[in-house]
Amino acid sequence: VVVVFYIGVVSIGIGVAGVLRYGPSVYPGGNLPLGIIIACVAMSMIAFGMLTWTAVIPRSGGIYPFVSRILPPPIAFMLSWAESVAWLFFCALASYWIMTIGLIPMFTVLGIQTGSSGLSDFATTLSEPIWTFAGGIIVLIIAGSILGAGMRRYFLSQKIMIVIAFVGTFVMFAVMLFSSKETFIANFDKAFGPDATYAGVLASGKAGGWANPGGFDLGQTLQASNWAFLPLVGAAFSIAIGGEIKSGVKGQTVGMFSGVWVCGLFFIVGAALGTNVFGYDFLGTLGFNSLGLNADAAAQATPVVPWVTLLAGILGGSPFLTVIMSVGFIAWIWLWIPAMQSYGERAMIAWAFDRVAPNKLGTVSDRFHSPIVAIGVATIITAIFMYLFVYVSYFGTLVLFLLVGVLAWTVALAAGAFFPFMRPDIYAKSSIANKKLFGLPIMTVGCSLGFVAGVGYSINLFLDEFAANARGSRLLVAAGVFVSGLLFFYVMKMYRRSQGVDINLAFKEIPIE
């Protein structure tokens with residue numbers, strides 16, 4: 001169950017889709033397999049640090065139970081608030097992706113393959129903002145309902161979905177492996193010509209400014225790795241339910257590292273197969289044109305976003321294969337959604353227990369033993385983000401929230417490096433208290449490695465003007481997420497003081513479970 005959870009929340013589908021769509025188009029010259037390996041190494045370092053944290057304080061709630069016991073309360077809450085906002089934003093983004101990576105390409109290809117104008121029209125309808133938003137909201141409500149029904153039903157749903165996801169992935173890999181580029185070119189030209197042809201996409205993309213420099217570019221490789229690193233952060237999401245995993249540190253160790261490297265291997269295979277059968281230059285020029293990076297309005301592209309599901313469906317040439325592959329990708333994306341919702345709501349419960357959030361957020365259903373109020377609030381927040389993502393173009397590519405989450409984790413890992421020395425009373429009671437590496441507490445080593453990786457990817461994301469684009473007002477948005485957490489904390493502190501409650505007292509002991 002633990003391994004299933006980790007592989008699911010990393011999401012092989014999101015990694016393969018992101019690397020193939022953005023790697024060649026935005027970062028030409030980047031080595032995709034090497035970028036994936038770099039992302040896997042960095043996430044393994046972060047996971048190591050998080051493992052030591054959860055071994056010392058095995059509680060649910062993300063980084064909140066950790067940092068609240070070493071950092072000043074306002075700073076601790078601010079960091080937890082920031083990471084929760086970041087992951088809930090990506091929960092909404094995943095819901096959006098179910099529509100744009102899964103359903104819309106699937107019905108587009110089915111319409112072409114069956115000659116059905118009705119299916120093509122349905123895909124066009126789904127691509128309209130109102131229906132993309134409505135579909136995404138339905139997905140978020142279903143995910144929240146499953147979480148509300150209890151963890152047993154949640155894990156059962158994850159098991160079912162991961163089987164569907166793997167079947168779809170293996171079918172897609174087989175289609176890409178046993179087909180040829182010539183078949184793809186013929187099918188693509190038949191499906192989208194004369195408005196878009198394989199040769200026309202290549203020519204218009206290169207004429208508009210895309211260029212494959214050849215050779216190896218380290219800077220492009222590092223920035224392309226951001227799209228592999230994005231789903232890999234899911235490998236550490238078990239800290240949201242750390243107190244609920246029966247196998248404890250052993251289970252989380254196996255789960256975290258298997259999640260990183262199993263999924264990383266699939267990313268590499270998917271990238272290799274995709275660039276081979278579709279062509280690196282074609283993926284680059286098609287993505288370049290469809291992203292609006294080509295200033296020429298006549299640049300050739302597909303009528304809907306050319307995710308790998310669309311291209312693989314065209315390659316396969318079979319409605320049956322198109323459905324299997326698309327549903328598999330939908331399943332991968334789905335696996336992200338309840339996991340991220342649970343991350344946010346578990347943090348809310350921890351806040352409520354420490355009185356830094358309304359008590360109602362800690363309400364647990366007697367029937368389902370689930371935090372129904374926190375789940376409801378998390379679902380509403382993701383619905384708001386979904387609206388912003390669909391209707392406010394400013395938020396359309398705001399991977400800046402990944403930078404927000406990584407920054408919060410990086411500070412938590414820095415604090416963890418000093419925890420054995422600053423809170424020896426708590427550390428001495430942990431299962432890793434007597435374990436050392438290089439003569440230092442294992443927590444100090446693990447969190448130091450994680451901190452280095454966190455700093456590295458914070459810088460990498462900041463420098464990436466496409467993915468995070470942390471410039472100008474967008475940087476203010478990131479800062480605003482942290483500042484809003486501080487404001488919320490002080491409002492709650494004043495409110496509790498009016499009730500005669502000193503919330504600072506809660507931070508002196510290990511959080512209650």
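**Exercise 1. Is S157 buried or exposed, and what is its relative accessible area?**

Solution. The model is predicted. Start with location: S157 sits in helix α8, which covers residues 151-178. Next, take the accessibility. The relative accessible area of S157 is 13%. Buried means under 20%. S157 is therefore buried. Last, look at its side chain. A polar atom there lies 2.6 Å from the backbone oxygen of Y154.

**Exercise 2. Classify I459 by accessibility, then relate it to L403 in sequence and in space.**

Solution. Locate the residue: I459 belongs to helix α19, residues 442-463. Its relative accessible area is 47%. Now the pair. I459 and L403 are 56 residues apart in sequence. Their C-alpha atoms are 8.9 Å apart in space.

**Exercise 3. Describe the setting of R69 and find the partners of its side chain.**

Solution. Step one is the location. R69 is in the loop between α4 (64-67) and α5. Step two is burial. R69 has 2% relative accessibility, so it counts as buried. Step three is the contacts. The side chain of R69 meets the side chain of S68 in a polar contact of 2.6 Å. A polar contact of 2.9 Å links the side chain of R69 to that of D354.

**Exercise 4. Check the span of α2, find its bend, and decide how enclosed the helix is.**

Solution. Begin with length. α2 contains 15 residues. From first C-alpha to last, α2 reaches 21 Å, close to the expected 21 Å at 1.5 Å a residue. Then the axis: α2 bends by about 25 degrees at V19. Finally, burial. Of the 15 residues of α2, 15 are buried, so the helix is largely enclosed by the rest of the structure.

**Exercise 5. Repeat the span and burial analysis for α3, and identify its N-terminal cap.**

Solution. α3 runs over residues 32-56 and has 25 residues. Its C-alpha span is 36 Å, close to the 36 Å expected. In α3, 19 of the 25 residues are buried, so this helix too is largely enclosed by the rest of the structure. The cap comes next. N31 caps the N-terminal end of α3. A side-chain oxygen of N31 lies 2.9 Å from the backbone nitrogen of L34.

**Exercise 6. How many cavities of 30 Å³ or more does a search of the whole structure find? Give the volume and lining of each.**

Solution. The search finds two.

*Largest cavity.*
- The volume is about 70 Å³.
- The lining is A17, L20, R21, L283, L286, G287, P306, W307, V308 and L311.
- α2 (12-26), α13 (248-290) and α14 (308-316) each supply at least two lining residues.
- By class, the lining has eight nonpolar, one polar and one charged residues.

*Second largest cavity.*
- The volume is about 40 Å³.
- The lining is I14, A17, G18, W97, I101, W227, L230 and W307.
- α2, α5 (73-114) and α12 (226-232) each supply at least two lining residues.
- α2 gives the largest share, three residues.
- By class, the lining has seven nonpolar, one polar and no charged residues.

Now compare the lists. A17 and W307 line both the largest and the second largest cavity.

Methods: Residues numbered from 1 in each chain as written. Predicted model: local features only at pLDDT ≥ 70, side-chain atom pairs only at ≥ 80, totals over all residues. Heavy atoms only, no water. 1 Å grid on protein atoms, 1.4 Å probe; cavity = no way out; pocket = protein on both sides within 12 Å on 5 of 7 lines; lining within 4 Å. Points joined across faces, edges and corners; volume = space filled by probe spheres on them. Helix = DSSP H or I, 4+ residues; strand = E, 2+ residues; numbered from the N terminus. Nonpolar A, V, L, I, M, F, W, Y, C, P; charged D, E, K, R; others polar. Buried < 20%, exposed > 50% of the residue type's maximum accessible area, 1.4 Å probe, protein only. Polar contact = N/O pair within 3.5 Å; in protein donor to acceptor, adjacent residues only side chain to side chain. Expected span 1.5 Å × (residues − 1). Bend = angle between axes of the 7 residues up to and from the residue.
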